[in-house]
Each structure stands twice: as structure tokens, then as C-alpha cells.
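Biologist: Hey, can we go through this one together? I'd like to start with the ligand.
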Amino acid sequence: MSRAGVVEEAGHEGFLVERMGEHDLLEIVEIEETCGLSLWGWDAYRTELDRAESIMLVARREATDFHGAKRVSGFVAARLSAGDLHINNIGIREEARRRGLGRTLLGAALELGARAGALEAILEVRAGNHAAQYLYAGFGFAPAGRRRNYYRQPAEDALLMTLRLGVRA
Ligand SMILES: CC(C)(COP(=O)(O)OP(=O)(O)OC[C@H]1O[C@@H](n2cnc3c(N)ncnc32)[C@H](O)[C@@H]1OP(=O)(O)O)[C@@H](O)C(=O)NCCC(=O)NCCS
């Protein structure tokens with residue numbers, strides 16, 4: 001980490017990638033509600049922020065808006081567990097998509113996870129969410145299984161995808 005929580009080498013033109021803070025949570029909840037993600041809600045993110053094993057990052061506009069706040073354009077929530085890095089949620093505001101922010105945030109989370117010793121990254125994705133699957137495939141994630149009717153509203157299978165980060169002893 002360099003200045004004030006900025007994640008090193010993970011910036012993106014016009015944006016800063018930083019550790020998520022409690023002050024970001026209203027925006028995070030708004031983004032997850034508009035992204036069609038499985039809803040965690042404010043309390044769950046607040047609890048997650050306190051876990052030493054969580055890796056939660058935001059992409060924040062460098063320029064302040066007219067209220068003086070730096071608007072959050074996207075986020076990733078991941079957690080280290082039993083030697084693996086679980087990517088739990090990633091979402092980018094619709095108007096900020098296809099500019100590389102998803103790739104930048106996911107890359108930063110994977111880098112931090114690998115540095116913390118994670119050997120494998122794991123995630124679930126809706127079987128019909130091709131945009132996210134292309135994003136993951138770009139990092140080398142490969143399908144590792146399918147969970148029937150894993151998701152609700154609408155019901156849909158989950159694809160389990162994994163990526164080797166390190167070498168098991
Ligand atoms: C999936 C998501 C996070 C991608 O974020 P993004 O910032 O738009 O992605 P990027 O601009 O970094 O794109 C990186 C790569 O992902 C793939 N990709 C992203 N969006 C895509 C789309 N709509 N169609 C096809 N490929 C896409 C491409 O391979 C892209 O590389 P390219 O632009 O060089 O072709 C974003 O679409 C999103 O928030 N979706 C809703 C929430 C969601 O589905 N989250 C994942 C839950 S598992």
C-alpha cells in the first residue's frame with residue numbers, strides 16, 4: 001500500500017483503487033442492488049470489513065464531484081479462507097463498464113491474495129453471465145464444476161471457476 005490506502009500499481013486512468021472503508025458502504029449497497037448481484041446488504045459488508053482475512057477494494061474517481069465526495073464506480077469483495085481466495089462479489093456501475101475497472105479491481109484482489117499466500121482463487125458465477133465469465137477467463141480462471149439451481153430470483157445454475165495462484169507443497 002502507498003499513500004492513504006491506495007493499492008500500489010493498481011490505479012486506472014482517472015480512478016484510484018483503494019481499500020474499502022465504512023464510508024463507502026452506502027455506495028457499495030447501491031451498486032450491488034443495481035448490478036443484479038446476490039444481495040449482502042450494509043450489515044454484512046460492515047461485518048466483513050472487520051475480518052482480517054477480507055480483501056475489499058473500491059475503484060474511486062480521482063476527481064471529486066460537486067459535493068466534494070469521490071464517487072465509487074465499482075468494488076470487489078474477496079476473502080482468504082483455508083489457503084484459498086474466494087472472490088465473493090464484484091460489481092461496476094453500469095455507466096463505468098468496459099473501461100477496464102473490473103479487470104483492475106480483480107487483478108488487485110488476486111495480487112493481494114497471492115501475496116498473502118493464497119494458492120487458489122475460487123468463485124461462482126451465474127451460468128448465463130457471459131460478461132463476468134469472459135473477465136474471469138482473461139485471468140486464466142477455468143470452469144471446475146456446476147452447482148444446479150444455486151442462484152435464486154431468477155433460479156440459475158452456478159459455474160464454479162478456479163485459478164491457480166501458487167504451488168501447493
Ligand atoms: C462483469 C463486470 C464486473 C465487468 O466489469 P467491467 O469493468 O465492465 O470489465 P472490464 O472493462 O474490466 O473488462 C475486462 C474484460 O472482461 C470481459 N468483458 C467485460 N464485460 C463484457 C461484456 N459485456 N461482454 C463480453 N465481455 C466482457 C472482456 O473480456 C473484457 O476485456 P476487453 O474489454 O479487453 O474485451 C461488470 O459487467 C459488472 O459489474 N456486471 C454486473 C455484476 C456482475 O455480473 N458481477 C459478477 C458476478 S459473478
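Biologist: How far is an oxygen atom of the ligand from an N or O atom in the side chain of R103?

Modeller: That distance is 2.7 Å, and a polar contact here is a pair of N or O atoms within 3.5 Å. Keep in mind that this is a predicted model, where local features need pLDDT of at least 70, side-chain atom pairs count only at pLDDT 80 or more, and totals for chains, interfaces and linings use all residues. Residues are numbered from 1 along each chain as its sequence is written, and side-chain values use heavy atoms, with hydrogens and water left out.

Biologist: OK, and what does N129 do there?

Modeller: N129 puts a polar side-chain atom 2.7 Å from an oxygen atom of the ligand. I90 uses its backbone instead: an N or O atom there lies 2.8 Å from a ligand nitrogen atom.

Biologist: How much of the ligand's accessible area does the protein cover?

Modeller: It's 75% of the 920 Å² that the ligand has on its own, by the Shrake-Rupley method with a 1.4 Å probe.

Biologist: Which element gives the largest share of the shell around the ligand?

Modeller: That's α4, with five residues; helices are DSSP runs (H or I, at least four residues).

Biologist: New topic: what kinds of residues make up that shell, by class?

Modeller: Eleven are nonpolar, four polar and five charged. Asp, Glu, Lys and Arg count as charged, Ala, Val, Leu, Ile, Met, Phe, Trp, Tyr, Cys and Pro as nonpolar, and the others, Gly among them, as polar.

Conventions. Polar contact = N/O pair within 3.5 Å; in protein donor to acceptor, adjacent residues only side chain to side chain. Helix = DSSP H or I, 4+ residues; strand = E, 2+ residues; numbered from the N terminus.
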